[in-house]
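Hi,

Here is the structure I said I would pass on. Have a look at it first, and then read my notes below.

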Amino acid sequence: MTVAENLARVRERIAAAARRAGRDPSLVRLVAVTKGVDADGVQSCLAAGVHSCGENRVQEWLAKRSLLPAGVEWHLIGTVQLNKVKYLDDTACLIHSLDRLELARALDGRFRKLGREVRVLVQVNVSGEKSKHGLSPSEVEPFLREVAPLTAVKVEGLMTMAPAGPGTAARQVFRALRELSCRIPEMATLSMGMSDDFEVAVEEGANLVRIGRAIFAPGSS
Ligand SMILES: *Cc1c(COP(=O)(O)O)cnc(C)c1O
């Protein structure tokens, strides 16, 4: 299977999941997760019509960005170390993983210096697994109040990762994130769903899915 074929299949599955839930498939944005994929691999997904790519390491992203067309919409989906903030600029379209005030302050300082704004999602650890980054759901609203005065940081939604494996755990996590986002004003973006669980995420209201293996290495899961 080629990347283009995998991508077509992923798009069909997203659309089918959206229709099952009575949602408009065109409202679900796909971010192709290109971590570990070389520039040629990224080119093949751009050629197949992808505009948005997600990376989880700043260094890897910077190296790849320099080899690829300027029009790619880059998403940073992994934990951002404070010492990497100085490399960020507005070629990062959305940072999915704001999970602490220190990082919000560092981003604010960096982007004020650039005279720009940075769009971010707050990462929420809904399942409470120790291995996962993110705020607990009850911390999100107090956190947003602390971030609000940081004028260069624009929070536009929430992101989560579901527990791995089969079962209903993922659905419960996605549903809880959606319910949380509905209670908070201006949380328009809901980033949830990866290769193993994106259909459930779309059924539960995701409008941005982050998919790597199902595009670049199906069968490896
Ligand atoms: C790797 C990664 C993904 C994509 O995972 P796949 O299982 O390859 O689809 C999505 N989100 C984050 C935060 C990731 O690190």
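Which pocket is the space taken by the ligand? The ligand takes up the largest pocket. For the terms: the search runs on a 1 Å grid over the protein atoms alone, where a pocket is an open set of points with protein on both sides within 12 Å along at least five of seven lines, whereas a cavity is a set where a 1.4 Å probe fits but cannot get out, and lining residues have an atom within 4 Å of a point. A molecule sits in one of these if more than half of its atoms lie within 2 Å of its grid points.

Before you go further: this is a predicted model, with local features needing pLDDT of at least 70 and side-chain atom pairs counting only at pLDDT 80 or more, while totals for chains, interfaces and linings use all residues. Residues are numbered from 1 along each chain as its sequence is written, and side-chain values use heavy atoms, with hydrogens and water left out.

**The ligand site**

A ligand oxygen is 2.8 Å from a side-chain N or O atom of K35, and a ligand oxygen is 2.8 Å from a polar backbone atom of G212. For R213, a side-chain N or O atom is 2.7 Å from an oxygen of the ligand. Taken alone the ligand exposes 380 Å², and the protein buries 91% of that (Shrake-Rupley areas with a 1.4 Å probe; for residues, only the protein chains shown count as cover).

(Helices are DSSP runs of H or I with at least four residues, strands are E runs of at least two, and both are numbered from the N terminus.) Its relative accessible area is 31%, so M194 is partly exposed (buried is under 20%, exposed over 50%, partly exposed in between; 1.4 Å probe, protein chains only). From M194 to R145 is 49 residues in sequence and 29 Å in space, C-alpha to C-alpha.

**Elsewhere in the chain**

- E204 is in the loop between α7 (198-203) and β8 (208-211). E204 counts as buried because its relative accessibility is 10%, and its side chain makes a polar contact of 2.8 Å with that of R175.
- E186 is in the loop between α6 (169-183) and β7. Its phi is near 65°, a positive value in a residue other than glycine. At 70% relative accessibility, E186 is exposed.
- S181 belongs to helix α6 and is buried at 8% relative accessibility. The side chain of S181 reaches the backbone oxygen of R178 at 2.9 Å.
- G167, in the loop between β6 (153-159) and α6, is exposed at 63%. Its C-alpha is 23 Å from that of S181, 14 residues apart along the chain.

Cheers

Key:
A polar contact is a pair of N or O atoms within 3.5 Å; within protein, one must be able to donate a hydrogen and the other to accept it, and residues adjacent in sequence count only if both atoms are side-chain atoms.
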